[in-house]
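Reader: I have a structure to go through. Can we take a pocket and a few side chains in turn?

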Amino acid sequence: MGLAYDTVLTDVHNAATSAIGLTAATTTNAVGDSLTVRSFERPAWARLLAATLQGSGTRRLRITSPRMHDNVTGLNWQTSESPSQFLLPSEIGQDLYSVDNLSVQMDAAASSDTISALHVYYKDLSGIDAQLRSWNDIKPHILGEKIVEVDVTSSATIGAWTDTALTTTDNQLKADFKYAVLGFETSAALGVMGVKGPATGNLRACIPGASNTFPLSEYFVRMSEREGIPMIPVFKANDRANTYVSVAANAASVAANVFMILGWLDI
Amino acid sequence: MRQLTPAQRATIYQTWPAKPIPLSALAANKILFGGACLLRGWSFVYAGGTTAIVDIIDGQDANGTEVGRYQLGSGIGATQWIGTPGVLLSIGLFFASTQFPFTGAFWVTALDDLELDRMHEYHEAAKGQAPYGKGN
């Protein structure tokens, strides 16, 4: 089963000294990310589970597609805090269609950037086999907890990802053991943060940098239970050199100490 | 997912209505519809000043297959109803122009299995028959 959990990053850059509206702004995808839904075959499915938005002030996000309810206003949100996460209804999300092209619109305050991240889950994506588990699958196998600090600096180019090696700050994971990524914490406000590596099919499995929904420290556990699908990334310590913490922010070069909340497993 | 016969698919292609894809004051080249579809027509107006060359393309960018081309002056529009089955776009509908903006819409019918399945169900219900696989 080719499970996949991907995070698509988009940015609006407003260089003007006045705010820019929702439909007037030009959005730019992060390098390597695309608003075209990855190809999959029925009866597999893909869903938009959530969207994260970070900007200056109360910002708006709109997602449309000719395959959604309508192609005019579609899904609309406005933040009450930044970053904000917007969850779609549990267990159903928003169905996505293979190779459909999504349109993302955001507004931005004067001389600022707004970034958004779409959190997309694929039931069976050809060529990807992410190691995602449900909480009940791993709970009985947890030997203990390990919190790994990874000191990061977001990209100097707003709207771009920065991938920092898992071993950058702390390298104590035990060889041949597996670890479940339960969640994250951060010392500074980021837009999104997550994990990328062989265990995720080299896609970015990210969570919001701050959340008004539930604790980030067990984000993947809560989302997995909420959605009724396996969402907890499990990686082998032996892959530490190729496993990264991915972050993005709506300001350049944001320094943060990110903490990966890991369950040390006996499987 | 039920398997539709070629005859059932042909019936759907011939009778199912198209869906409008609005341009919404389009200001740049854009994929209007991603994925295979039938192009049934369009109606759009050019609101810029300089003459625009419009390309309707089967693709995800301007390098796709040319489907049609217009040369439009300021305030001039184009309306074309192709009808059924329409023009097959194998990749998607991409709109490109040398100038902008445009308002109006294209009319397409999606061709993926899920959409066909749904159309078949509605089609059978409209004919007064129970949809295939339900109560039959």
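Author: On a 1 Å grid over the protein atoms alone, a pocket is an open set of points where a 1.4 Å probe fits, with protein on both sides within 12 Å along at least five of seven lines; lining residues have an atom within 4 Å of a point. This is a predicted model: local features need pLDDT of at least 70, side-chain atom pairs count only at pLDDT 80 or more, and totals for chains, interfaces and linings use all residues. Residues are numbered from 1 along each chain as written, chains are lettered from A and ligands numbered from 1 in written order, and side-chain values use heavy atoms, without hydrogens and water.

Reader: Which residues lie nearest the centre of the largest pocket?

Author: The lining of the largest pocket has 35 residues. Nearest its centre are A:Thr27, A:Ser103, A:Gln105, B:Leu26 and B:Lys30.

Reader: Is A:Arg59 buried or exposed?

Author: A:Arg59 sits in the loop between β3 (46-54) and β4 (60-64) of chain A, strands being DSSP E runs of at least two residues, numbered from the N terminus. Buried means under 20% relative accessible area (1.4 Å probe, protein chains only). A:Arg59 has 11% relative accessibility, so it counts as buried.

Reader: Which side chain makes a polar contact with that of A:Gln85?

Author: A:Gln85 belongs to strand β6 (residues 84-87) of chain A. Its relative accessible area is 3%, so A:Gln85 is buried. A polar contact is a pair of N or O atoms within 3.5 Å, one able to donate a hydrogen and the other to accept it. At 2.3 Å, the partner side chain is that of A:Tyr219.

Definitions and conventions:
Helix = DSSP H or I, 4+ residues; strand = E, 2+ residues; numbered from the N terminus. Buried < 20%, exposed > 50% of the residue type's maximum accessible area, 1.4 Å probe, protein only.
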